[in-house]
Amino acid sequence: MSFTELALSPEILAAVERMGFEQPTPIQEKAIPPALQGQDILAAAMTGSGKTATFLLPIMQRLQGKPRGTTRALVVAPTRELAAQIAEHLRELAGRTGITGAAIYGGVAMGPQEQAFRRGVDVIIATPGRLLDHLQYPYAKLNSVEVLVLDEADRMLDMGFLPDVRRILARVPAKRQTMLFSATLPEQIVTLADDFLRNPVAFNVERKSAPASGITHTAYPVPQDLKSHLLLAVLKQAASPNVLTFTRTKHRANRLADFLERRGVATARIHGNRSQAQRTEALAGFKAGRYRVLVATDIAARGIDVEELGLVVNFDVPHLPEDYIHRVGRTARAEATGDAYTFVSRDEEGELHAIERHIGKSLPRRLVEGFNYEKRPEEKLEVPLAERIAAIRSRKREERGRAQANAERRTAQGLPPRSGGSAGTGGGPRRNSTGSTSRSGGAQRVGPGMAWLRQANADASRPGETRRPFGRPPARAGR
Ligand code: AMP
């Protein structure tokens, strides 16, 4: 099927061509025709399937002939990154149609978003919390919304947003078209769909979520404390110019980014403690090639859409199979190919098995050739919580000491005390005060971890499994 067979306007077809979309993806082929007829849609669409255009193209088609200045479509998405991504996709597709959109999310000023409501942009793409913040004010009106999209509904459920979503639904006209997209369809999402969709056309409902088909999955067994060095070795050998890597925690993301930066690898980071401006800069810099590596936590995984991203590295095995699918879905977007490496330490094997069961295949185990698995790292990636707390306490003590000394000095000079009371604004060494290095001398020991690794090595070298050099996967037949 080609896009011209879908009843889309010439302007929209031109936009699709400009984007380089040659033919509709399977979800687009199935869902766009009923969506254009105004039917409700319930789609179990995996990430990277082209689901954004699946709802944006029919929205654009509907809005094209109508006067501007009224918000007629609302897209609700779980994360800032995803909302920004959808808004960008809309901008790219809208071209000369004159259709406007705005992303509404937290962590940035309300003012420009208020202006978007007041201007009546055609499409509002919002995260639930910030949208509800605006809905307290009279300028925020959704009473002309004709199309409502709930994107990545299962993620909204995971993040505890369903009550907010229901509150938002109550503010949108009952007579509307609703499209719900979700990687999986757990019970609560099915109930939500029952409550708010009318005779939806449903797709892939029976299907388990699965990663895009063009991804080559490989697991790399490695002792936990060698992971950062292994990543460095992978980066040296990998052909992919940009590499996205996921850690389990914000702390580990920071530590890994610091480690890579110290070794001259241009690295950006995205996680929940970064401001929106920092996240935007990190993603833009990564896309523009200013950073070779982007270190991210799961919360940021959904919205990251980088064209031609060849390699995703799971620095830590994700807790949930769903997170694995979303992480690796950042590569091989829309039918392309890409590699997904998963670093697995001994204590993460159980979680990797759960992922293998979920995706229905076992990941081949490989070792990185030339990498010294017996190496003893000089520093720990993760500073134990107790040590971190002790470091924070000692820093606070120093700050209090400085404040006290300043106060005494001011009193001695007859100056009034400083208001606010907080001290420690002087440029003392704030970062890296955790004293992370712990070099322990002595001979190299081969602990139980190494026996496990040898077993993994033996498994990796079983006949019938070839080791492939790093980089792009070999061309596969039929692709
Ligand atoms: P999504 O699943 O909406 O996040 O889309 C994943 C990626 O696929 C985005 O980079 C889109 O620009 C791209 N894409 C969407 N539809 C098509 C298509 N029909 N052909 C090629 N790429 C597409």
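In strand β11, V293 and V295 point one way while L294 and A296 point the other way, and all are buried. A residue counts as buried if 20 or more other C-beta atoms lie within 10 Å of its own, as exposed if 12 or fewer do, and as partly exposed in between, with C-beta atoms placed from the backbone. Strands (E, at least two residues) and helices (H or I, at least four residues) are DSSP runs, numbered from the N terminus. The model is predicted: local features need pLDDT of at least 70, side-chain atom pairs count only at pLDDT 80 or more, and totals for chains, interfaces and linings use all residues. Residues are numbered from 1 along each chain as its sequence is written.

Strand β11 is joined by four bridges to β9 (residues 243-246), and these two strands, β11 covering residues 293-296, run parallel. T245 stands opposite V295, and F246 has A296 as its bridge partner. With β10, strand β11 also pairs in the parallel sense over four bridges; here V293 is the partner of T267. Two strands are taken to pair if DSSP finds at least two bridges between them. The path from β10 through helix α12 (residues 276-288) to β11 makes a right-handed β-α-β unit. Right-handed here describes a path from the first strand over the helix to the second that runs clockwise when the strands point away from the viewer.

These strands belong to an open sheet of six, in the order β8-β13-β12-β9-β11-β10, with parallel pairing. β8 (215-221) and β10 (267-270) stand at the edges with a single partner strand each, so one side of each has no neighbour in the sheet. Neighbouring strands are turned against each other by 20 degrees on average, direction ignored. Helix α10 (residues 227-237) packs on the sheet and touches β8, β9, β12 (311-314) and β13 (338-344), and its direction makes about 155 degrees with that of β13. Helix α11 (residues 250-262) lies across β10 and β11 and runs at about 170 degrees to β10. Axes are lines fitted to C-alpha atoms, for helices over the stretch in contact, and angles run from 0 to 180 degrees between N-to-C directions. Residues are in contact if their C-beta atoms, placed from the backbone, lie within 7 Å.

In helix α1 (residues 10-18), I12, A15 and V16 are buried. They cover an arc of only 100 degrees around the axis, which puts them on the same side of α1; the arc is that of the directions from the helix axis to the C-beta atoms. An α-helix has 3.6 residues a turn, so residues three or four places apart point the same way. The buried residues of α1 pack against α3 (51-64) and α4 (80-94), whereas P10, E17 and R18, on the other side of α1, are exposed. Just after α1, G20 takes a positive phi of about 85 degrees.

Positive phi values also occur in residues other than glycine. Phi of E152 is near 50 degrees, and E152 lies in the loop between β5 (147-150) and α7 (153-158). E152 is buried, with 24 other C-beta atoms within 10 Å. For N199, phi is near 40 degrees, and the residue is found in the loop between α9 (187-196) and β7 (201-203). N199 is exposed, with 7 other C-beta atoms within 10 Å.

Technical notes
Two residues are in contact if their C-beta atoms, placed from the backbone, lie within 7 Å.
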